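Colleague: Could you walk me through this one slowly? I am still learning how to read these pictures.
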Protein chains: 2
Amino acid sequence: MKPRLFTPGPTPVPEETLLELAKPVGYHRSPEAKAILAEVSEDLKYVFQTANPVFTLTSSGTGGMEAAVASALAPGEKVILCTAGRWGERWRGILKAHGANVVAVEVPYGKAVTPDMVQAAVAQHPDARAVFATLSETSTGVGHDLEAFGKIVAKTDALLIVDGISGLGAMECRVDAWHIDVCVTGSQKALMLPPGLAFVSVSEKGWKKIDATPVRAFYFDLRRYRKSLAESDTPFTPANTLIKAQRVSLKQIRAEGIENLWARHAKIAAACRAGVKAMGLEVFAERPNNALTVITVPAGVDGSGTLKKLEKQYGFKLADGQDTLKGKIWRLSHMGYTDAFEVLGAVSALELVLLESGFKLDPGSGVAAFQKAYAGK
Amino acid sequence: MKPRLFTPGPTPVPEETLLELAKPVGYHRSPEAKAILAEVSEDLKYVFQTANPVFTLTSSGTGGMEAAVASALAPGEKVILCTAGRWGERWRGILKAHGANVVAVEVPYGKAVTPDMVQAAVAQHPDARAVFATLSETSTGVGHDLEAFGKIVAKTDALLIVDGISGLGAMECRVDAWHIDVCVTGSQKALMLPPGLAFVSVSEKGWKKIDATPVRAFYFDLRRYRKSLAESDTPFTPANTLIKAQRVSLKQIRAEGIENLWARHAKIAAACRAGVKAMGLEVFAERPNNALTVITVPAGVDGSGTLKKLEKQYGFKLADGQDTLKGKIWRLSHMGYTDAFEVLGAVSALELVLLESGFKLDPGSGVAAFQKAYAGK
């Protein structure tokens with residue numbers, strides 16, 4: 001049986017990228033290594049749609065998020081936190097560890113924070129130094145309207161600091177045009193690499209705040225990365241084989257074109273949602289994003305058991321809900337190196353397992369609706 | 001020309017480990033992934049010679065060092081810093097960023113901090129909360145007598161916190177028997193993996209201090225790793241392909257046996273030093289360690305130029321000195337997946353390049369002395 005990875009990180013890695021990882025290891029301070037880092041950094045600017053440098057940290061995405069908090073905030077400073085799920089709560093955890101004064105704009109899981117809420121919060125808290133938001137709230141499948149958030153926050157002195165970990169590269173996100181001051185992503189989502197690298201961009205407005213903030217970190221002090229990257233280098237020994245392999249995946253992204261890539265994800269996501277709905281299931285997110293489809297487990301169906309069957313019988317590995325959502329949702333990623341035919345396969349496998357467990361659906365309804373939507377009919 | 005990596009990190013990675021890195025990526029929260037982490041953690045306990053859990057962080061070694069500082073110290077607390085080079089200074093940089101009150105025990109580059117100095121420092125500063133030390137000071141080739149340091153610090157309330165990044169697995173280091181409270185290492189040295197993972201052990205005494213210290217970090221809060229590892233898990237998405245590959249390299253270490261591994265490194269290091277001296281060169285470190293040999297560039301020889309020639313003409317990549325030692329020393333690693341015959345080759349190549357540049361030496365003197373020492377004659 002072929003194993004198929006549909007978790008919203010890690011995601012499948014292209015074969016050429018995997019082969020790159022098997023090559024002998026080199027010295028990370030050589031001219032060759034610096035040239036590779038420079039090339040990767042340029043390609044990341046393209047993916048981020050920013051003219052500012054993008055820094056490479058060896059850490060999970062959370063490390064990149066902590067670098068943003070530790071570099072940009074002094075203890076006690078007020079921030080607005082937009083939270084719509086587990087990853088909004090990740091911001092809260094980091095902010096709390098760093099002594100921030102958090103004003104939370106919260107919505108229930110499955111809902112999205114709206115631009116109106118952000119507008120009201122910045123009006124009520126003109127002393128907020130930053131607004132923290134999440135591009136793709138992977139725990140619920142919600143996507144946020146960061147373009148609108150950006151317009152609002154740009155008019156204030158606050159920074160817009162975004163967790164773009166599971167959305168960047170899968171859904172439209174224009175860091176500069178949308179006024180995102182600090183944007184964080186990770187290697188193991190739409191960037192088609194194993195986990196291990198985080199990438200962070202900082203705007204001019206962001207640097208002004210960072211440079212005026214006392215140093216409180218070492219490894220996560222973004223100033224160190226700025227200084228090193230000016231010489232195409234990293235401040236600490238990086239996961240250099242991952243960087244070399246990231247180059248290969250980034251070349252694929254450049255070859256496809258970022259707008260084509262967004263369009264591909266949008267088309268697959270729309271087809272997936274159509275297939276899911278045609279099977280009589282519901283999409284959990286009120287404002288679904290194109291990185292993944294989150295499906296509400298229907299009444300009477302064993303959520304976690306269904307996922308186990310999907311993996312055991314057909315090789316499809318989807319992700320369960322986290323924490324309180326465990327057993328209540330299914331999370332199906334279509335990020336990165338996953339095409340329409342593979343997602344069609346996942347819809348097919350889900351149909352089969354649901355039929356076997358006695359759930360009433362018209363066999364073929366899901367895949368037919370997927371196909372129809374994908375064909376644009 | 002065959003490229004040969006002799007830098008003191010990254011070091012060569014076994015072919016079987018590289019191939020593991022090219023395998024498809026899996027989900028990091030699966031039972032299989034947890035079983036792998038559990039196995040790696042067990043094997044790391046063996047390498048560390050500790051009965052305590054060893055935590056896996058996705059970061060460079062410096063990240064592991066910062067986890068020790070951020071978890072174990074509150075701002076303003078007094079610490080004793082033993083520093084004999086750049087990596088001792090790395091501790092200082094992290095300690096400074098975290099507001100520690102640093103009492104430095106310093107020696108010039110090339111010298112070692114002695115147990116007597118540590119004894120005097122703890123006697124003079126009974127209020128010190130920790131002693132920071134370096135197992136292998138890779139910037140100079142010095143090794144520290146941590147067994148003696150441990151005996152001294154164990155009698156106090158202070159913790160012994162050790163950067164074992166470039167020595168652990170290459171030279172004798174018995175974490176529990178030597179009373180090392182926090183020990184940090186990295187994947188890219190004697191553990192035969194590319195860079196990207198840091199490993200940290202904590203003693204019972206260490207946990208007492210950490211649990212009594214306010215939380216000031218998130219990603220580097222060791223408490224989170226303790227909680228997750230109790231369930232064979234990691235608190236954040238780990239570089240799971242590196243962990244899987246680390247398992248392969250750790251199996252090689254277990255198969256060889258840690259004491260045999262220390263003996264192998266000791267034998268190769270002794271032969272290398274004999275070869276170097278027979279060529280009329282000097283070993284830079286007064287107390288050389290077995291992870292690498294650091295050679296003083298002789299008067300009249302272009303240090304950096306010689307390294308460039310070694311790489312360009314013969315494929316041998318050694319490391320230059322760092323900062324003020326650039327051009328003044330050559331650093332030749334014999335850590336990890338490097339055997340006597342390869343180090344012999346490096347000695348041969350160095351002889352050739354020195355002869356070509358007009359340095360006076362008896363051709364064959366270096367390799368003959370290496371061979372004689374290695375044969376135990």
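Modeller: Let me begin with a definition, namely that two strands pair if DSSP finds at least two bridges between them. Please also keep in mind that this is a predicted model. With that in hand, S11(A) and S12(A) pair in the antiparallel sense over two bridges, and A:Val283 stands opposite A:Ile295 in S12(A).

Colleague: Which order do the four strands of that open sheet in chain A take?

Modeller: The order is S11-S12-S15-S14, and the pairing is antiparallel. Strand S11 (282-283) and strand S14 (319-320) of chain A are at the edges with a single partner strand each, so one side of each has no neighbour in the sheet.

Colleague: How is chain A divided into domains?

Modeller: The domain assignment gives domain 1 as 4-8 + 258-374 and domain 2 as 15-256, and the C-alpha centres of these two domains of chain A lie 28 Å apart. Their contact takes 24 residues from domain 1 of chain A and 27 residues from domain 2 of chain A.

Colleague: What supplies the largest share of the domain 1 side?

Modeller: That is H10(A), with five residues of the side of domain 1 of chain A that touches domain 2 of chain A. By class, this side of domain 1 has 13 nonpolar, seven polar and four charged residues.

Colleague: Changing topic to chain B, at what angle do helix H3 and helix H4 pack?

Modeller: Helix H3 (residues 61-72) and helix H4 (residues 86-97) of chain B pack at an angle of about 50 degrees, and their axes are 10 Å apart. Angles under 35 degrees count as roughly parallel and 65 to 115 as roughly perpendicular, so H3(B) is oblique to H4(B). The crossing of H3(B) and H4(B) is right-handed.

Colleague: Which residues make the contact?

Modeller: From H3(B) there are B:Thr62, B:Met65, B:Glu66 and B:Val69, while H4(B) brings B:Arg90, B:Trp91, B:Ile94 and B:Leu95. By class, the contact of H3(B) with H4(B) has five nonpolar, one polar and two charged residues.

Colleague: And how many strands form the open sheet in chain B?

Modeller: Seven strands form it, in the order S2-S10-S9-S8-S5-S3-S4, and the pairing is mixed. Strand S2 (54-58) and strand S4 (101-106) of chain B stand at the edges, each with a single partner strand, so one side of each lacks a neighbour in the sheet. From one strand to the next, the twist averages 20 degrees.

Colleague: How do S3 and S4 of chain B run, parallel or antiparallel?

Modeller: They run parallel, with six bridges joining strand S3 (residues 78-83) of chain B to S4(B), and the bridge partner of B:Thr83 in S4(B) is B:Glu106.

Conventions
Residues numbered from 1 in each chain as written. Chains lettered and ligands numbered in written order. Predicted model: local features only at pLDDT ≥ 70, side-chain atom pairs only at ≥ 80, totals over all residues. Domains from an automatic or database assignment. Contact = placed C-beta atoms within 7 Å. Nonpolar A, V, L, I, M, F, W, Y, C, P; charged D, E, K, R; others polar. Axes fitted to C-alpha atoms, helices over the stretch in contact; angles between N-to-C directions. Parallel < 35°, antiparallel > 145°, perpendicular 65-115°, else oblique. Left-handed = near helix turned anticlockwise from the far one by under 90°.
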